[in-house]
Amino acid sequence: MFKKSLAAAVSLVLTTSVFAMDARYEDRSGNLTADLPQNEAEWVNPSTLIFAYTPVEDPSVYASVWSEFLEHMEEKTGKSVRFFPVQNNAAQIEAMRSGRLHIAGFNTGSTPLAVNCSGFVPFTIMAGEDGSFGYEMEIITHPDSGIDSVEDLKGKNLAFTSQTSNSGFKAPSAILKAEYDLEPERDFNPAFSGAHDNSIIGVAHKDYDAAAIANSVLTRMLDREVVKASDIKNIYTSQTFPTTAYGVAHNLHPELQEKIKDAFFSFDWKGTKLEEEFTRNGESQFIPITYQEHWAVIRTIDEANDVSYACR
């Protein structure tokens, strides 16, 4: 369950045709994700599995955070597992689309594009002990900006992360337009930092007047003392959204897919680097999810923004 209700946000009924899947994939089951190819010759069973976590400012930090989990996955799958540091969402999506990436954590906003253009099949998400999960989009500023409310963003510069990010672009764009009649270029100057931690550091250092970010990232950065709470001021907090989706490439051998799923659900977080990093957000386990159900609100936001999942 979500930390907060999403019912109020889901006001549009989406059809599968709005977000058409790339022609190279088939959704025979109707669950909005790519099915395993019918031709067994197309099933992939590599000797080395490649895992990538959503882009961050310093991938080396997360290579260490995920190291024990990947060792556990090696034991469960009998395969070598390598951490692949990605620099941006587009590179991560292209890596899976081209067959160079087998297991991944895609951020909230890029998950629909990964599903439709790369054959990504999400099946799990991090959650707390009680099964709750999710994060909020916050618009933050620094104490000396002269910004005390969303309306004060007029004439200021506002940092987004990337156009595929939910909390870093799509959700704030829809909210600013619908609730405050604020649009980029016309009412404020948009900038793109490339990552949530870049935006947060940029605000703390006064490079940006304000930024739209995921508060789960901010929480971890405050805990690690990368930035100080006194350098950040919140002016808006959204409803709760699902966080990073973890899953596999659709064409992995079905037996291998089951072993990978088992690795996620059998991992003991206690005393690990993963626990140390993500308990900052109250997360302590992986729980099952479905893209069809849990990403409905994100598809609604995308439709409100006239987003097309066009695959180049």
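Which residue with a positive phi follows α7? The residue is Glu225, with phi near 65°. Most residues other than glycine have a negative phi.

The model is predicted, so local features are given only at a pLDDT of at least 70 and side-chain atom pairs only at pLDDT 80 or more, whereas totals for chains, interfaces and linings use all residues. Residues are numbered from 1 along each chain as its sequence is written, and side-chain values use heavy atoms, with hydrogens and water left out. The pLDDT, the predictor's confidence in each residue from 0 to 100, averages 90 over the chain, and 93% of the residues score at least 70. Over residues 1–18 the pLDDT is below 50, and this stretch has 35 contacts in the model beyond near neighbours in sequence (contact: heavy atoms within 4.5 Å).

Helix α7 spans residues 215–223 (helices are DSSP runs of H or I, at least four residues, and strands are runs of E, at least two, numbered from the N terminus). Its buried residues are Asn215, Ser216, Val217, Leu218, Arg220 and Met221, where buried means under 20% relative accessible area, exposed over 50% and partly exposed in between, with a 1.4 Å probe and protein chains only. Among the elements covering these buried residues are α1 (59–65), β5 (135–141) and β8 (210–214).

Two further residues have a positive phi. Leu32, in the segment before β1 (48–52), has phi near 75° and counts as buried because its relative accessibility is 15%. Asp181 lies in the loop between α5 (166–180) and β7 (189–192); its phi is about 55°, and at 47% relative accessibility Asp181 counts as partly exposed.

The largest nonpolar core holds 90 residues; such a core is a set of buried Ala, Val, Leu, Ile, Met, Phe, Trp, Tyr and Cys residues joined through side-chain atoms within 4.5 Å. Trp66, Leu153, Ile260, Phe264 and Leu274 touch the most other members. Strand β4 (residues 120–127) supplies the largest share of this core, six residues. Leaving aside neighbours within four places in sequence, the contacts of Leu153 include Ile139, Leu176, Phe188 and Ile235.

The largest cavity contains about 390 Å³ of space. A cavity is a set of points, on a 1 Å grid over the protein atoms alone, where a 1.4 Å probe fits but cannot get out, and lining residues have an atom within 4 Å of a point; grid points are joined across faces, edges and corners, and a volume is the space filled by probe spheres set on the points. Of its 32 lining residues, Thr54, Asn107, His196, Val217 and Arg220 are the closest to the centre. Helix α7 gives the most to this lining, with four residues.

Note on methods. On a 1 Å grid over the protein atoms alone, a cavity is a set of points where a 1.4 Å probe fits but cannot get out, and a pocket is an open set with protein on both sides within 12 Å along at least five of seven lines; lining residues have an atom within 4 Å of a point.
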